Amino acid sequence: MDTRRMASYYSGTGANDAGSAEEDFTGHNQGFSASTGFDNPFSDRYPNATPGAIHQNPALFSRIQPNAMAAVNEKEGRFDAMALKEVNKGVSGGTGGEGNVNKGSHEHVEDLVTTKTRRLWVFFTWMLTFWIPSPFLGLCGRMKRPDVRMAWREKVAICVIIVILWFILLFVIIGLGLILCPKEYVWTLDDIAGHNTDKSSYIALRGTVYDITDFMKQKHGDSAYTATEDDFLQTYAGQDVNASFPIPARIACPQFVTAQSDPNYLFIYPVQGASQADLNQANMFQHTINRDPTSTELQDVNFYAKYALPTLKKFKKGGVVWQFNWVESMYKDQSQYWRVINKEVFNLQPYFDASKSGLNVNKKYNILDSRLEAIMDQGGYGTADVTKDWDNINWDPQTRESNYNCMKNLFYVGEVDDRHSVRCLFTNYMLLAFACLLMLVVLVKFLAALQFGTKRRPVPPSKFVICQVPCYTEDDESLQKTVNSLAGLEYDDNHKLIFIVCDGNIIGSGNDKPTPRIVLDILGVDP
């Protein structure tokens, strides 16, 4: 470093101080050259600034004074005493930004143009840290200066942004999936079939799942028809039990089946259950009014709604769901009357079996609207989902509601299982995409790090490097390893400087001498 270019201030304020300035300069003439002017950095800018010229021309002095440099006595190797004296006095309104350099503040304040990006960041920082009052930072944080407080606020804002990003990530991983696809308590028939033991017994009844594990341990039936726990396990557990609870059409569809057409409530569609094949259905007890004349409950024509549902309500677990592909296969491949309306699944096979049989005199079994029958009986054409056709039927709301309630009471078997839809699997796909992207980045970086062929590594450039090593209480071994590793860097030794800083004369734990002494011993310095 050229010590002649050490910055200082000159305290003179104008032409009135020119005389004293001349005396000071001429009194230290060892640092000047009579032929070339000042022997300092101003000699290039002011070649004619000799002491005599300054004395005769105060205006020239007033131009030099604000940027005066500390003269250096090259013979004695020390700063000019006059310059150091003027520096200690200070200049009113100096570069410290506080308006008083006499306090010892010589900080340089540089006025920069505030960009739009900076203004936006400052505004955003205040939005995130407005709840921290500035007086609090001044009193408790000892941050008296506004720029220090602003720097602290920016750090807090960055931490807040990181926390917000954490919560966003947690929301994407956990919360977004629950919003797009809320948790549903539903089971397929395969799931229900797995609960067929005395520890866990489920049944499916008209689109609803019930846990009868405790229910089957109670006494059921009367003396003529007593059901034991083994009977439940063998016949009902893990099964669809629709066939065991047939509902009279007059009860399910009172708008279409009148007392005149069915006075004794004997009009019952031969429900075969929701499953395609169920060998246990033949052994299931039929809860009908003619099955047990001694039973008061069974003699009630509304037995299912009045007794069965209230009893089973406390054991309800959820709903029955069906894969749409399976329903579609039943409709197209098996020619079965499985249809979907607004994600509700209906098995109308019993209805069309009865309406197309030879016993259907005067269309007794055709109780539904003919327009509804037309869209349900399409002979495998189109798709099993007839929601659009249902919505396009031009009928009054009362007729629509009556037909819907009749289908729901007699032929409803569950809903479409959408747990594997894109909506429910979106978050899984998104996380998988992120994982693939990360793996791709790792793979690209790995391939980029590989070196194919025999090309030699390039010679390190001849650049200067400074290695700073702070040490405090380290032992001999760790310091020796650090110094050796830095000394072995592939840089020219003439361009390499190792700068070791010992932070205090401290004896570390396990050491017998202070850290500076250890460093000196490693470097081979004789005390």
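Leaving aside its neighbours within four places in sequence, which residues is Arg-153 in contact with? The legends below take this up and then move to other parts of the predicted model.

**Figure 1. Arg-153 and its contacts.** Arg-153 sits in helix α8, which spans residues 146-180. Neighbours within four places in sequence are set aside here. Arg-153 then touches Thr-125, Trp-126, Thr-129 and Phe-130, and also Ile-132, Pro-133, Ser-134 and Leu-137. Arg-153 is buried, yet it has no salt bridge. The nearest side chain of opposite charge belongs to Glu-154, 9.4 Å away.

Figure 2. The patch covers about 1200 Å². Its members include Ile-158, Ile-162, Val-163, Trp-166 and Phe-167. Leu-431 and Phe-434 are also among them. Helix α8 gives the largest share, 10 residues. Helices α8 and α18 (422-449) each supply at least two residues.

**Figure 3. The buried side of helix α12.** Helix α12 runs over residues 303-313. Its buried residues are Phe-303, Tyr-304, Ala-308 and Leu-312. They cover an arc of only 75 degrees around the axis, so they lie on the same side of α12. What covers these buried residues? The cover includes three strands: β6 (202-205), β7 (208-211) and β11 (316-322).

Figure 4. Ser-402 lies in helix α17, residues 397-411. Ser-402 counts as buried because its relative accessibility is 10%, and buried means under 20%. Which residues does Ser-402 touch, not counting those up to four places away in sequence? They are Gln-255 and Phe-256. Pro-254 is 148 residues from Ser-402 along the chain. The C-alpha atoms of Pro-254 and Ser-402 are separated by 9.0 Å.

**Figure 5. The whole chain, for orientation.** The chain has 527 residues, and 35% of them are buried. Its secondary structure comes to 20 helices and 16 strands. Take the contacts between residues at least 6 apart in sequence: 64% of these join residues at least 24 apart. The chain exposes about 33400 Å². Carbon and sulfur atoms supply 56% of that area.

Terms used. Residues numbered from 1 in each chain as written. Predicted model: local features only at pLDDT ≥ 70, side-chain atom pairs only at ≥ 80, totals over all residues. Heavy atoms only, no water. Buried < 20%, exposed > 50% of the residue type's maximum accessible area, 1.4 Å probe, protein only. Helix = DSSP H or I, 4+ residues; strand = E, 2+ residues; numbered from the N terminus. Arc of directions from axis to C-beta. Contact = heavy atoms within 4.5 Å. Lys, Arg positive; Asp, Glu negative; His and termini not counted. Salt bridge = Lys/Arg side-chain N within 4 Å of Asp/Glu carboxyl O. Patch = residues over 30% accessible without salt bridge, like charges linked within 9 Å, V, L, I, M, F, W, Y side chains within 5 Å. Areas by Shrake-Rupley, 256 points an atom, 1.4 Å probe, with all protein chains shown as cover.
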